[in-house]
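Reader: I have a model open and would like to learn how to read its features. Please take them one at a time.

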Amino acid sequence: MEPKKAQLDSTDRALLRALSTNARASGSQLATDLGLAESTVSLRLRRLHQSGHITGYHADIDLAVLGAPLQALIAVQLAQHNRADIQKFRREAPTWPGVLSMFHMGGRDDYLMHVAARSTADLREFVVQYLTGHPAVAHTETNLVFEHAAGTGWQQLLA
């Protein structure tokens with residue numbers, strides 16, 4: 001069971017909303033935007049990091065500009081639920097070329113992988129090289145992503 005995180009007050013929630021809009025905002029900019037002292041912002045951000053509410057910052061990279069315009073979601077069903085094979089799969093798969101994220105699922109599929117590729121041929125090669133030959137994998141189903149829209153509905157959870 002996960003440890004319970006400290007409750008967020010309205011200031012913490014406002015900071016999280018502001019960072020979700022611009023994670024590169026400076027402490028002084030956040031203080032100005034939220035009507036707080038810079039020292040308060042600094043203290044709050046440090047506490048949000050230490051408590052695990054903020055786990056990091058990242059840049060959104062346009063994969064198409066990098067030469068990988070094709071994205072897919074690949075559902076993976078495991079052959080057997082052999083602990084050693086599953087752990088090996090879980091350890092290796094996130095490091096394979098093009099893997100953006102991986103979700104451990106409940107239901108028919110055991111994992112859902114989000115991958116990027118340069119072409120359909122590269123995507124096919126990824127499936128053949130990394131998935132169909134893996135001892136833990138019984139079946140895959142690849143779905144092409146035509147469009148992706150990032151959601152903002154999580155912000156309502158801050159209310």
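Reader: How many salt bridges does the structure hold?

Author: Side chains of opposite charge can pair when their charged atoms come close. The cut-off used here is a side-chain nitrogen of Lys or Arg within 4 Å of a carboxyl oxygen of Asp or Glu. The structure holds six such salt bridges. This is a predicted model, where local features need pLDDT of at least 70, side-chain atom pairs count only at pLDDT 80 or more, and totals for chains, interfaces and linings use all residues. Residues are numbered from 1 along each chain as its sequence is written, and side-chain values use heavy atoms, with hydrogens and water left out.

Reader: Which residue forms a salt bridge with Asp 9?

Author: Arg 44 does, with 2.7 Å between the closest N and O atoms. The two lie in distant parts of the chain, 35 residues apart: Arg 44 in helix α3 (residues 38-50) and Asp 9 in the segment before α1 (10-21). Helices (H or I, at least four residues) and strands (E, at least two) are DSSP runs, numbered from the N terminus.

Reader: Is Asp 12 buried or exposed?

Author: Buried means under 20% relative accessible area, exposed over 50%, and partly exposed in between (1.4 Å probe, protein chains only). Asp 12 has a relative accessible area of 0%, so it is buried. Asp 12 forms a salt bridge with Arg 44, the closest N and O atoms being 3.0 Å apart, and another with Arg 47 at 2.6 Å, N to O. The latter pair joins helix α1 to helix α3, 35 residues apart. Arg 47 counts as partly exposed because its relative accessibility is 37%. Through shared partners, salt bridges join Asp 9, Asp 12, Arg 44 and Arg 47 into one network.

Reader: Which residues of helix α5 are buried?

Author: An α-helix has 3.6 residues a turn, so residues three or four places apart point the same way. In α5 (residues 120-132), Leu 123, Phe 126, Val 127 and Leu 131 are buried. They are on the same side of α5 because they cover an arc of only 95° around the axis, taken from the directions from the helix axis to the C-beta atoms.

Reader: What covers the buried residues of α5?

Author: Counting contact as heavy atoms within 4.5 Å, the cover includes β1 (70-78), α4 (83-92), β2 (99-104), β3 (111-117) and β4 (137-145). Of the seven residues in β3, six are buried.

Reader: How many bridges join β2 to β3?

Author: Two strands pair if DSSP finds at least two bridges between them. Five bridges join β2 to β3, and these strands run antiparallel. His 104 has Tyr 111 in β3 as its bridge partner. β2 and β3 form a hairpin with six residues between them, and Gly 107 in the turn has a positive phi of about 110°.
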